[in-house]
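Here is a friendly walk through one protein chain. Please have the viewer open and follow along.

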Amino acid sequence: MSDASAPATSPGTSRSTSATIAPNILRYLARVAHGYGVDLQPLLARVGLDSTVMTSTALRVSYRQGSDVIRQAVERTGDEHLGLRVGAAQHLTAWGLLGFAMMAADTQQEAIETGVRYQNLSGAMTVWSARWEEAGYVLRTDLPDPALDPTVAVFLIEEAYSSVVTLIRLNVGASFAPQAMEFAFPAPRDRSPFEELFRCPVRFDAAGNRMVIPTRWARAPMPGRDPITYASMLDVLDTEMASRRSQQDLLEVLEISIAQSLPAVPSFLEQARRHASSERTLRRRLAACGTTYEAIVDGVRRERAEQLLRRPELTLRDIARRAGFADVSALRRAVRRWHGATPLELRTELLEREAPSDRQRV
């Protein structure tokens, strides 16, 4: 599904306009928002996701589409912890075949590791990893782009861990509780929803987002474990993963890598090494996609600059530095090339474009 609301881009695909995410989160978000008396259907339709499209099993949405809907849903419901509600409303069936495979896994650890391995099939909008650490079995999640709108970023992290805790309780018992929760975002005004949901010590302003799972729970057997079914499901998931390792996958991986590295930009040689490829092969694959590494870098910088310009508290010097430009003059030249406007003119336009959503707030 293309992003009809996005402006035309230069060669190279901006990750925010690449439709790669299964829209599970948006479907549950619409249900939860409905409980607040907020109808998200007009908003979904405005970004190209009408009711017919949203029921398509083949649908993929972009980060820009997802972020726009999430941001306005939080505003319209007035619930700063909307991510917790959306995560708690989910079931493993929302993850399709991956959810079924996790239910058939031998232990909770194996179920989690299966989810991490095939996370690109689940509609996840964060990046998961899991491993044993001194504190216990730790499940981490990171944002695909650290410059995401803060409201959207908090929602995504809340939704991610809320859904995990909810699904673990559905599978291995309602008494499950993490050993500890750590969030990288600042403490909210009201911490009680976190304490009620997670039922463990919760820390904010941490170095990263972590859920520490006690050993006994990580090694707990899954009630629906079935090795034959599990192996069969992995075969199906492997086939599905292979079918989606297309040109778009390569672009998305590169875009995320660049976005997470800004303000520094990995060299083309470094990217080739990361993908176990020669420079010649990687350049040939990008040519087959109709783009170049330089164009992808330009697209990611454009997205980052546009995100930062929406934050009035940042100076142009701040934005130039965070978006990886040498100085403000380089930022001005790039914005002029992209939009035919100065950074300040673009900032005014972006803020005015979003102003109507504030007036529509419920």
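The notes below cover confidence, packing, aromatic pairs and one threonine.

## Confidence

This is a predicted model, so a look at its confidence comes before the details. The chain averages a pLDDT of 85, and 86% of the residues score at least 70.

Two stretches call for care. Over residues 1-19 the pLDDT stays under 50, and the model gives this stretch 57 contacts beyond four places in sequence. Residues 357-362 also have a pLDDT below 50; there the model has ten contacts beyond near neighbours in sequence.

## Nonpolar cores

In soluble globular proteins, nonpolar side chains tend to be buried together. Here the largest nonpolar core has 73 residues. Leu29, Leu40, Phe183 and Phe198 are the ones with the most contacts inside this core. Helix α8 supplies its largest share, twelve residues. There is also a second, separate core of 17 residues, and Ala305, Ile319, Val328 and Trp338 are among them.

Beyond its neighbours within four places in sequence, Phe198 is in contact with residues including Leu84, Tyr161, Val165, Arg169, Met181 and Phe183.

## Aromatic pairs and charges over rings

The count of aromatic pairs comes to 14. Take Trp128 and Tyr161: their ring centres are 5.4 Å apart and their planes stand at 90°, so this pair is edge-to-face. Trp128 belongs to strand β1 (residues 127-133) and Tyr161 to helix α8 (residues 150-172), so the pair ties together parts that are 33 residues apart in sequence. Both Trp128 and Tyr161 are buried. They also form one aromatic cluster with Phe183, Phe185, Phe194, Phe198 and Phe204.

Rings meet charges elsewhere. The charged end of Arg31 sits over the ring of Tyr28, at 4.6 Å from the ring centre. Likewise, Arg301 has its charged end over the ring of Phe325, 5.5 Å from the centre.

## A closer look at Thr77

Is Thr77 buried or exposed? With a relative accessible area of 12%, Thr77 falls under the 20% cut-off, so Thr77 is buried. Thr77 lies in helix α4, which spans residues 63-77.

Which backbone oxygens lie by a polar atom of the Thr77 side chain? The backbone oxygen of Ala73 lies 2.9 Å from such an atom, and that of Val74 lies 3.4 Å from one. Leaving out residues up to four places away in sequence, Thr77 touches Ala33, Tyr36, Val38 and Leu82.

Terms used
Residues numbered from 1 in each chain as written. Predicted model: local features only at pLDDT ≥ 70, side-chain atom pairs only at ≥ 80, totals over all residues. Heavy atoms only, no water. pLDDT = per-residue confidence, 0-100. Contact = heavy atoms within 4.5 Å. Phe/Tyr/Trp six-rings, centres within 6.5 Å; stacked < 30°, edge-to-face > 60°. Helix = DSSP H or I, 4+ residues; strand = E, 2+ residues; numbered from the N terminus. Buried < 20%, exposed > 50% of the residue type's maximum accessible area, 1.4 Å probe, protein only. Lys NZ or Arg CZ within 6 Å of the ring centre and 35° of its normal. Polar contact = N/O pair within 3.5 Å; in protein donor to acceptor, adjacent residues only side chain to side chain. Core = buried A, V, L, I, M, F, W, Y, C linked by side-chain atoms within 4.5 Å.
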